[in-house]
Amino acid sequence: MIQVSFVAALILAIIFLRQDSAVISIFITMLFLNSIQSLFNDDNKSGFLDFLNTTGVSFNRIVFARYLTGISLCLISSIFSFLVNLIIYVFYKNLPLKSYLFIGLLTLCISLMYMLILIPFIYLFNQNGLTIAVILIILIAFILSKVNHSALKISNFFHQSSNLKLGFYFVLCVLLTAGISYIVSVIICKKRFYN
């Protein structure tokens with residue numbers, strides 16, 4: 001039902017907000033990712049993790065399956081966002097197609113990083129994990145904004161780096177975040193559910 005309301009909101013945004021509805025598609029994509037929390041909550045309520053503990057399935061595989069689910073959800077939601085942006089491009093043509101491709105790629109990047117940060121928090125704090133993760137992200141962003149000229153330094157870094165270099169840094173950052181996130185999730189899962 002929630003997905004239907006998201007699609008309805010997006011259609012209304014395309015009709016009334018026109019080219020500015022690309023921003024709405026990104027927000028809806030991020031909201032769609034938050035549905036992963038219900039998967040974890042259902043695992044806890046149904047006792048699914050306790051059941052898996054009795055089957056001898058490795059907790060590494062269980063956590064890895066949740067990461068694959070999260071990555072799949074990121075890909076699906078990013079494709080959805082790109083398709084919406086393609087519709088906006090066809091109707092309004094206010095930006096070149098390359099810009100919409102960039103927006104789609106940026107949405108995928110942000111959603112992957114968000115999901116990688118979110119999963120350990122959900123394992124640790126259950127249904128409050130989403131709230132705590134979002135508050136922490138906002139707090140870190142606020143603190144970084146107060147560091148001397150940090151926004152200017154970041155902006156200069158992006159302007160002075162080539163697309164290839166930025167792509168390399170992004171892949172490296174995602175891989176490091178994924179590794180740390182996965183290890184932390186496995187440790188939390190082992191301590192909480194497999195004692």
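Which hand does the crossing of α6 and α7 have, left-handed or right-handed? It is right-handed, where right-handed means that the near helix is turned clockwise from the far one by less than a right angle, and left-handed means anticlockwise. Before going further, a word on what you are looking at: this is a predicted model, in which local features need pLDDT of at least 70 and side-chain atom pairs count only at pLDDT 80 or more, while totals for chains, interfaces and linings use all residues. Residues are numbered from 1 along each chain as its sequence is written, and side-chain values use heavy atoms, with hydrogens and water left out.

Let us stay with the helices, which are DSSP runs of H or I with at least four residues, numbered from the N terminus. Two packed helices are described by the angle between their axes and the distance between the axes. Here an axis is a line fitted to C-alpha atoms over the stretch in contact, and angles run from 0 to 180 degrees between N-to-C directions. The axes of α6 and α7 come within 8 Å and cross at roughly 130°, which makes α6 oblique to α7. Angles under 35 degrees count as roughly parallel, over 145 as roughly antiparallel, 65 to 115 as roughly perpendicular, and the rest as oblique.

Now turn to the other partner of α6. Helix α5 (residues 59-92) and helix α6 (residues 97-125) have axes that come within 9 Å and cross at roughly 155°, so α5 is roughly antiparallel to α6. Their contact is made up of 21 nonpolar residues, six polar and one charged. In this count Ala, Val, Leu, Ile, Met, Phe, Trp, Tyr, Cys and Pro are nonpolar, Asp, Glu, Lys and Arg are charged, and the others, Gly among them, are polar.

Finally, the cysteines. The structure holds zero disulfides, a disulfide being a pair of cysteine sulfur atoms within 2.5 Å. The sulfur of C173 is 9.9 Å from the closest cysteine sulfur, in C109, too far for a bond. C173 is partly exposed at 36% relative accessible area, whereas C74 is buried at 0%; buried means under 20%, exposed over 50%, and partly exposed in between (1.4 Å probe, protein chains only).

Notes:
Helices (H or I, at least four residues) and strands (E, at least two) are DSSP runs, numbered from the N terminus.
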